[in-house]
Amino acid sequence: MIGLMQHVLPQRHSLLKQYTPNTDAGADLARSVGPSAEFLQMPIAFNYRFQQNTFIKYTDRGVVNLQRSIAFNAYTIIKPTEEAVPLGPKATLPPEESLTPYLQALIKQIKAELVKRPIITRHLLYNKLGWDKRTKLRQAAVYCGYFFESGPWREALIRWGIDPRKDPAFRRFQTVSFMSYLKSGKTKHNKTFDQHVHTLGQMSREELETEHTFDGTHVSRTGNLFQFCDITDPLIAKILATKDIRTTCAPTFQGWYHVGTWAKATVILKDKMNTILAKGTPDDSIYQRVKAWPEMWDDREMAAQYKEEINDRLTHQQRRREHEVMHNVRWAARNPRYAFEKMESSSQPRGNATEEEAAEDLEEPDVAEDLTETPVTAEAILNEDSGDLEGEVDEEEDEDGQEGEDGDQSEVDDDQDQAMDGVWEVDDDDNDDDDDDDDDRDTPLLSARAVSKGPIPFGGLYRA
């Protein structure tokens, strides 16, 4: 084109003789394409060096986009306070019949697993169906169920039409995850994570069969998201087997369990994990007094039970670990985020503690109370039909939002953008959750609907 402008358009014979047209196939990529056609005064054909998208294929059955992903925009995620649950996938999804036979087969496999267990985690799905199918499993999952963006069943795939908030039998499927315990001493991301997943993809089903469980002596190699029914440690399982549960579900925090039950189970689980990861052996004797605590208690009464032991320096030194567990359980009942951050910091090696540091443990910190849920009182039950009380409850739920239902879950919004690949982030906060209440910092208390963007199912960065 430039040659034509320089040699032909001037209409000079000397320049015309110098013009040699390029007969090579295709455009000359070494030369400038010249000005855009929109600045020219005449309509001409212009070569924009267009190249066909290599991921678009034209077949007899139509155009096929090899990069099309239905997973990331098609998840059905609802708030834990929604009144109704979805009954089927989004209408905008392609029909199942139009999917590839491989994807249809995965959908059938996931639905078969949901028949056995109506609420299932990615951890269990990957271990059962194969880590080498992670990407396709995420795409198939959108046809099989929905997710709560937070709450007791966070990050769990729930079968269409099942509402675990309506039946206490579903409390055994509640989830808990701890996002900051380390297993290998280095972060698994990018190439390291790919190598880790590749290794898991080579493992047999028998090797992965129990990796989604916690037996009190081993820590999973494949993740840190557990359902209560998969915690086989006898001590924790007995705590969770209690018949003393809530009459109504707390959808933004501890679900069907009383806060005391939830605090005891999660703190002991975390403490045992920290001990195992530190190459130690958990000692069940330090949990016996906590295990005997009621499912609901007055914090001052519990503190009074061992206050004299705390004030006696010698006794406190002898029972330091037991007192730490008792402290953490009380704190977790009031403010889970504070408790699990405290546990995580105390699990880090600090060398030899000085007398001043040891003396600090004798002091009772002022832990801000978690106001996530409206306390269940006799007056509230007797007046539950009152419109004024109902309005106050709804307003409080909207203002206080959702607590860290999985314990000390790390803040979700920092991880979501990089969580789409199914990599689990390990942050300084133990359980990823944007919904945790204030932790002695002067941050404003926002509503759950305003703050929580919800988890990305089958997502997150994993450091273990």
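This is a predicted model: local features need pLDDT of at least 70, side-chain atom pairs count only at pLDDT 80 or more; totals for chains, interfaces and linings use all residues.
**View 1. Helix α3 crosses helix α5.** Here you can follow helix α3, residues 101–116, as it passes helix α5, residues 134–141. Their axes come within 9 Å and cross at roughly 70°, so α3 and α5 are roughly perpendicular to each other.

**View 2. The residues where α3 and α5 meet.** From α3 come Y102, L103, L106, I107 and I110. Facing them, α5 supplies K136, L137, Q139, A140 and A141.

**View 3. Q11, a residue with a positive phi.** Now move to the loop between α1 (2–7) and α2 (13–17), where you will find Q11. Its phi is positive, about 60°, although Q11 is not a glycine. Is Q11 buried or exposed? With a relative accessible area of 75%, Q11 is exposed.

**View 4. K279, with a positive phi in another loop.** For the last stop, look between α9 (259–277) and α10 (288–291): the loop there holds K279. This residue is not a glycine, yet the phi of K279 is positive, near 65°. What is the relative accessible area of K279? The value is 77%, and K279 is therefore exposed, given that exposed means over 50%.

Conventions: Residues are numbered from 1 along each chain as its sequence is written. Side-chain values use heavy atoms; hydrogens and water are left out. Axes are lines fitted to C-alpha atoms, for helices over the stretch in contact, and angles run from 0 to 180 degrees between N-to-C directions. Helices (H or I, at least four residues) and strands (E, at least two) are DSSP runs, numbered from the N terminus. Angles under 35 degrees count as roughly parallel, over 145 as roughly antiparallel, 65 to 115 as roughly perpendicular and the rest as oblique. Contact means heavy atoms within 4.5 Å. Buried means under 20% relative accessible area, exposed over 50%, partly exposed in between (1.4 Å probe, protein chains only).
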